[in-house]
Structure formats: C-alpha cells, structure tokens
Amino acid sequence: EVDKAIEFVEITQVDSLAIAIGTAHGFYQSKPELNFKRLAEINTAIKTPLVLHGGTGIPDEDIRTAISLGINKVNVGTIIHCTYINELKAELNRRDANPYTLDVLPPVIAKIKEVVKDRIRVCGSNNKV
C-alpha cells in the first residue's frame, strides 16, 4: 500500500525498495498480473528507487511497462541460476567421464551471457554506461 511504502521509507531510509505488485520468486505457473496502478502511485509518492523482485517469467512487455512506471532494478536470478545448472548438466552429459572444469565452463558461461544480454535488452539498458 502507498501509505505503508511512504512510512517504511521514512523510517528506514532505505536506498531502494522492492514493492509487492504481484511478483514472486521462481517460475510462474501462469502469467502474473502486475498491479501497475500501485506501482505508479508508489513511484509518485516516494523518491526511493524501486525494485521488481521475481522478474523471471514476467512477459517482456510487462517488464518494460514496470520500468516506464518507475522500476529501477529488475531481479532475474531464477533464470540465471537455472540456466547455469541446466547448461552445466547438458555440457557434462556431452562429455566423457572426468571432464576438466576449464573445458566444461566456457559453453556454460556463454549461455548465461546470452540470457543476461537478453534481459539487459528487454530492460532497455543495452549500450548504456
């Protein structure tokens, strides 16, 4: 709620604030319905940068809308962690027994970079310093 966000920021003097607008950590079972009205109201009421937790699986257009309404940071740890584990498992399965770490990790890291670059583009942060 807007009044609770104002009070929390005033009391804590936090550097950023993750607000509850319909997101959750992990993968979604169905399309999350974000409360953009609440986001806009909180963004108008406080000057503290806003964070979107649970960004993995939110449609790209909804992420862009959230950013346009005041989100400054989008957390997408789940897709990064899962990409790492899934690609590592796949790479290990492609190798013979006892693979060498320095041989296995480059293709895994390359896949993670693809995911991160995609999320950077979705957030409109590519080519920014």
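The legends below describe close-up views of one predicted model. Residues are numbered from 1 along each chain as its sequence is written, and side-chain values use heavy atoms, without hydrogens or water. In this predicted model, local features need pLDDT of at least 70 and side-chain atom pairs count only at pLDDT 80 or more, whereas totals for chains, interfaces and linings use all residues.

**View 1. A salt bridge between Asp62 and Lys31.** The structure holds 8 salt bridges, each defined as a side-chain nitrogen of Lys or Arg within 4 Å of a carboxyl oxygen of Asp or Glu. Asp62 pairs with Lys31, and their closest N and O atoms are 3.0 Å apart. Because Asp62 belongs to helix α3 (residues 60-68) and Lys31 to the loop between β1 and α2 (36-45), the pair ties together parts that are 31 residues apart in sequence. Helices (H or I, at least four residues) and strands (E, at least two) are DSSP runs, numbered from the N terminus. Asp62 is buried, at 12% relative accessibility, while Lys31 is partly exposed, at 46%. Here buried means under 20% relative accessible area, exposed over 50%, and partly exposed in between (1.4 Å probe, protein chains only).

View 2. Lys37 is exposed, with a relative accessible area of 59%, and Glu41 is partly exposed, at 33%. Glu114 forms a salt bridge with Lys111, with 3.6 Å between the closest N and O atoms. These two residues, Glu114 and Lys111, are 3 residues apart in helix α5, about one helical turn. A network of salt bridges with shared partners joins Asp60, Asp118 and Arg119.

View 3. The whole structure contains 0 disulfides (pairs of cysteine sulfur atoms within 2.5 Å). For Cys82, the nearest cysteine sulfur is that of Cys123, 18 Å away. Cys82 is partly exposed, with a relative accessible area of 26%; Cys123 is also partly exposed, at 22%.

View 4. Most residues other than glycine have a negative phi. Gln13, in the loop between α1 and β1 (17-18), has a positive phi near 55 degrees. Asn127, in the segment after α5 (101-122), has a positive phi of about 60 degrees. Gln13 is exposed at 57% relative accessibility, and Asn127 is exposed at 80%.
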